[in-house]
Amino acid sequence: MNPFRRNRIVAAFFALGLLAPVIASAGGAPAPAVVAIRDQWAQVAYVTPKAQRASAFESLASQSARLVEERPKDADALIWDGIVRSSLAGERGGLGALSLAKQARRDFEAAIGLDPDALEGAAHTSLGALYYQVPGWPIGFGDEAKARQHLERALAISPDDIDANYFHGDFLREQRDWAGAAAAFEKALAAPARPGREVADRGRRAEATRKLAEVRERLARR
């Protein structure tokens, strides 16, 4: 674990709530029930006041868990259950969120086993994000090598995706690769709009804009 991350262990789970994969899977559009979870997630993540967010994610996690019970072989449903659980982990924070992060990891791994290209490789994006945001051993399962592997795989599947580029940039930022991070954030900001994902797109672009400014400031200090 590099020093940049070591100073942030307690807060590491906060960023887990930022995952937002794309609208359509390689096998076609997600089922209506999956779209409903996706759209509710965007509202909670980017519109709901902070004080109400944890309880809203808890309610949504119950819905996403039921959806997986109904559709256990649906990679899209598994991905969104993992996203909701990791978002709830981010709101709860601290080491108590680790069990939620572990369940999210199982969801993403199961989705990859069913269809690695589902939601344009979103399971790889989400799993890669977990691996660099969760603390490493002996506290958690964080692993920078696995993070890089999954994030690069996501980009191979969907090179222009806003989320794949955003999380790749954030990972490179964690690694202090300021130039690489800047290029990835710029590509995220140049990504095409996603029909039906306006709330998520606005939120993701705001995050990318803020972090790009931070990275550019780092580069200017050289």
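Author: Let's start with a pair of helices in this predicted model: H8 passes H9 in a left-handed crossing.

Reader: How are two packed helices described in general?

Author: Two numbers do the work: the angle between the axes and the distance between them. Here, the axes of helix H8 (residues 162–174) and helix H9 (residues 178–189) come within 8 Å and cross at roughly 160°. H8 is therefore roughly antiparallel to H9, because angles over 145 degrees count as roughly antiparallel.

Reader: Which residues of H8 and H9 make the contact?

Author: On the H8 side you will find Ile 162, Asn 165, Tyr 166, His 168, Gly 169, Asp 170, Leu 172 and Arg 173. H9 brings in Trp 178, Gly 180, Ala 181, Ala 184, Phe 185, Lys 187 and Ala 188. Sorted by kind, the residues of this contact are eight nonpolar, four polar and three charged.

Reader: Where is Leu 119 found, and what is its phi near?

Author: Leu 119 is found in helix H6, and its phi is near 50°, again a positive value in a residue other than glycine. Is Leu 119 buried or exposed? Its relative accessible area is 1%, so Leu 119 is buried, since buried means under 20%.

Reader: What kind of peptide bond joins Trp 137 and Pro 138?

Author: The general rule is that most peptide bonds are trans. The bond between Trp 137 and Pro 138 is cis, with omega about 10°. To locate it, look at the loop between helix H6 (118–133) and helix H7 (144–157), where Pro 138 lies.

Reader: How do I read the surroundings of a single residue?

Author: Ask where the residue sits, how accessible it is and what it touches. Take Ala 164, which has its place in helix H8 and counts as buried at 1% relative accessibility. Leaving aside residues up to four places away in sequence, Ala 164 touches Thr 125, Ala 154, Leu 155 and Ser 158.

Reader: What does Asp 107 touch?

Author: Asp 107 is in helix H5 (residues 98–114) and touches Leu 78, Asp 81, Gly 82 and Arg 85, again not counting residues up to four places away in sequence. Asp 107 is buried, with a relative accessible area of 4%. A polar atom of the Asp 107 side chain lies 3.2 Å from the backbone nitrogen of Gly 82.

Reader: How many helices and strands does the whole protein chain have?

Author: The protein chain has 10 helices and zero strands. Of its 222 residues, 54% count as buried. For contacts with a separation of 6 or more, residues 24 or more positions apart account for 69%.

Definitions and conventions: Residues numbered from 1 in each chain as written. Predicted model: local features only at pLDDT ≥ 70, side-chain atom pairs only at ≥ 80, totals over all residues. Heavy atoms only, no water. Helix = DSSP H or I, 4+ residues; strand = E, 2+ residues; numbered from the N terminus. Buried < 20%, exposed > 50% of the residue type's maximum accessible area, 1.4 Å probe, protein only. Polar contact = N/O pair within 3.5 Å; in protein donor to acceptor, adjacent residues only side chain to side chain. Contact = heavy atoms within 4.5 Å. Axes fitted to C-alpha atoms, helices over the stretch in contact; angles between N-to-C directions. Parallel < 35°, antiparallel > 145°, perpendicular 65-115°, else oblique. Left-handed = near helix turned anticlockwise from the far one by under 90°. Nonpolar A, V, L, I, M, F, W, Y, C, P; charged D, E, K, R; others polar.
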